[in-house]
Amino acid sequence: MTRTVYLNGEYLPETEAKVSIFDRGFLMADGVYEVTSVLGGKLIDFEGHAKRLERSLNELDMKKPAAFDDLLEIHRELVRVNEIEDGLIYLQITRGAPGDRDFVFPDPETTEPTLVLFTQNKPGLADNPAAKKGMKIISIEDVRWGRRDIKTVQLLYPSMGKMMAKKAGADDAWLVEDGHVTEGTSNNAYIVKNGKIITRALSNDILHGITRAAVLRCAKEAQMEVEERNFTIAEAQEADEAFVTSASAFVMPVVEIDGAQLGDGVPGPVANRLREIYLEESLKKAI
């Protein structure tokens, strides 16, 4: 079935949605995005994603699209018309199509942003079998640009990282800079030692994950100890367990890092409990 997508004020069949070859998202990766999960036909953490989207736009001095205040209604309409029970909604805003290529930003008074949203149907998203098995991780050098806190569409190196992991027979990669783990290719990274959850503190070096914030809040409410600091791959390999968080994976256990098995080689109790709590609380607050 052909999906209905949203493009610059119109709901269209995906086969009819067109974007200019001069769009700066295509030419310059000059755009930002968000991905919101849908469970039971409802949006998970929508408010957090909307706030981060606004921050990303502000950090890049990018004009809000005219429909910015209608994004909740647009998300709900796409869920309805595409009959999404479990899945994802991808949103992208670019600086628009000024009609020619130039490094200089176009005049926001004459060039409107491009706004695109589409759905991905993912039946059983919360019951991903990988959560019971756990992920295998490799480490790679982090050579991305310095503003990883802005959720831009510059995703080439993360894509390369996932392909490096696939080639190595692993599921994903953790990025390492100056000897310390920054984050995963598309997720935030955590280790657990003696019951303590350890994850890198927020800065320009990592994405300020919406799921990260919610999971850490759940952890603290459950009386779990959380420490925000740098950690190395060697420390991670000696951890009792590890996991990642993201809008699409929620809380996903890690059972192997660069060939070193963690604990018994199966998802640990902290990651399992956090996944359970996060999904339970998120479904209560879903809209």
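Good morning. Please keep in mind throughout that the model is predicted.

Let us turn to the largest pocket. Its volume is about 1,100 Å³. The lining consists of 44 residues, and the closest of them to the pocket centre are Tyr33, Lys162, Thr185, Ser186 and Asn187. Which elements each supply at least two residues of this lining? The strands are E3 (31-39), E9 (180-184) and E13 (241-246), and the helices are H2 (46-59), H4 (130-133), H5 (156-167) and H6 (210-221). Helix H5 gives the most to this lining, namely five residues. As for the classes of residue, the lining of the largest pocket holds 17 nonpolar, 16 polar and eleven charged residues.

I now move to the second largest pocket, with a volume of about 340 Å³. Here 15 residues form the lining, and Asp45, Phe46, Glu47, Gly48 and Ile210 are the closest to the centre. Which helix provides the largest share? That is H2, with five residues. The lining of the second largest pocket divides into seven nonpolar, two polar and six charged residues.

Next come the cavities. How many of 30 Å³ or more are there? The count comes to two.

The largest cavity has a volume of about 60 Å³. Its lining is made of Glu34, Thr36, Phe46, His49, Ala50, Leu53, Leu71, His75 and Leu91. Strand E3, helix H2 and helix H3 (71-81) are the elements that give two or more residues to this lining. Helix H2 contributes the largest share, four residues. By class, five residues of the lining are nonpolar, three are polar and one is charged.

The second largest cavity has a volume of about 50 Å³. Asp45, Ala214, Arg217, Cys218, Tyr278, Glu281, Ser282 and Lys285 line this cavity. Helices H6 and H8 are the elements that give two or more residues to the lining. Which of them has the largest share? Helix H8 does, with four residues. The lining of the second largest cavity comprises three nonpolar residues, one polar residue and four charged residues.

Finally, let us consider strand E13, one of the elements that supply at least two residues to the lining of the largest pocket. Why is E13 described as largely enclosed by the rest of the structure? The reason is that six of its six residues are buried. Glu241, Phe243 and Thr245 point one way from the strand, whereas Ala242, Val244 and Ser246 point the other way.

Strand E13 has partners to describe as well. Strand E10, residues 188-193, runs antiparallel to E13 and is joined to it by five bridges. In this pairing, tyrosine 190 stands opposite phenylalanine 243. Strand E14, residues 250-257, is also antiparallel to E13, with five bridges between them. There, valine 254 is the bridge partner of alanine 242. Strands E13 and E14 form a hairpin, and three residues lie between them.

Thank you for your attention.

Note on methods. Residues numbered from 1 in each chain as written. Predicted model: local features only at pLDDT ≥ 70, side-chain atom pairs only at ≥ 80, totals over all residues. Heavy atoms only, no water. 1 Å grid on protein atoms, 1.4 Å probe; cavity = no way out; pocket = protein on both sides within 12 Å on 5 of 7 lines; lining within 4 Å. Points joined across faces, edges and corners; volume = space filled by probe spheres on them. Nonpolar A, V, L, I, M, F, W, Y, C, P; charged D, E, K, R; others polar. Buried < 20%, exposed > 50% of the residue type's maximum accessible area, 1.4 Å probe, protein only. Pairing = 2+ DSSP bridges.
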